[in-house]
Amino acid sequence: MAMSVASLSGPSRGLPGKWLVRVGILLALLLILPVLAITIAFRLPAALLEGPVLSLSHGQVRLALPSGQVRSGKAELWVRDPANREWQPWMPIEWALNFAWHQNGPVAKLTTNLGSIAIAGSDLSASDVKAGLPPSLLLLAVDHPMAKAPWRGDISLTSRRFACERRGLHLDLASCEGTATVRWRGTGSAILPLPEYGDYLVEILARRADGGVLRADVSTASGVVSINGFVETRQGKGRYRLVVGSAQPLVIGLNSIVGELVTQRGESGEYILDGRW
């Protein structure tokens, strides 16, 4: 009887070991498969990025003439002309996508000729950004009829570092930290009487303290129309105050364009936009 018990218990003692080996193999496969999938995806042709770029830009930016792979390639960025809705060349772009493991987890870094973007968990940061922007793309998120007009000019965006937390594909602006500068040279529009009105500077400051503050200070570098003031959001509430003036009677019809938000100060052709939300 003792021999029969021993013969049964001998093989049974090996079962936990075999089970642990199989679990270890499954865990290894679970770790290897995502890496393998990412490696395969990186080797796919860069043309597969055309759809995501068009979708993320709400149909305003197109990745044209792509070459290379998803991990490393080059292409041309095209934007829609706001007047006739036709595609027009914007600028060339080259990129390299890499992954690394840090103490807090994986980090994806996209390096381009326009700057770098790093994603670590829910944090997204941009560094050494230097890019030119078409006016239609800069005003894409502005919900006002004037933003949809065919604006002209050369816009440059620079930033040493700007970081925000992500909520899916959206950024939590209250969590942003950093600075950026926007310069708009030769500002003009087909709906305005003059071809050019001036060169303007927007200094953007974001800080997470005090519940999240995002402020843009606007100033005039040169031009026949001056625009000075600020726009600020703090803890979900916003305030703006912009003073638009000119030595010439060029802003007389501003109230008919902007609406009831503008008030005239004196007879000098100076208008004030002041409000909250």
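Leaving aside residues up to four places away in sequence, K74 touches L65, P66, S67, I93, E94 and W95, where contact means heavy atoms within 4.5 Å. This is a predicted model, in which local features need pLDDT of at least 70 and side-chain atom pairs count only at pLDDT 80 or more, while totals for chains, interfaces and linings use all residues. Residues are numbered from 1 along each chain as its sequence is written, and side-chain values use heavy atoms, with hydrogens and water left out.

K74 belongs to strand β2 (residues 72-80); strands (E, at least two residues) are DSSP runs, numbered from the N terminus. With 46% relative accessibility, K74 counts as partly exposed, a class between buried, under 20% relative accessible area, and exposed, over 50% (1.4 Å probe, protein chains only).

The structure also holds 2 aromatic pairs, that is, rings of Phe, Tyr and Trp (its six-membered ring) whose centres lie within 6.5 Å, with planes under 30 degrees apart counted as stacked, over 60 as edge-to-face and the rest as tilted. The ring centres of W151 and W184 are 5.9 Å apart and their planes stand at 70 degrees, so this pair is edge-to-face. It links distant parts of the chain, since W151 lies in strand β7 (residues 151-167) and W184 in strand β8 (residues 170-189), 33 residues apart. W151 counts as buried at 18% relative accessibility, and W184 counts as buried at 14%.

For Y240 and W277, the ring centres are 6.2 Å apart and the planes at 25 degrees, so the pair is stacked. Y240, in strand β12 (residues 237-246), and W277, in the segment after β14 (270-276), are 37 residues apart.

Notes: Helices (H or I, at least four residues) and strands (E, at least two) are DSSP runs, numbered from the N terminus.
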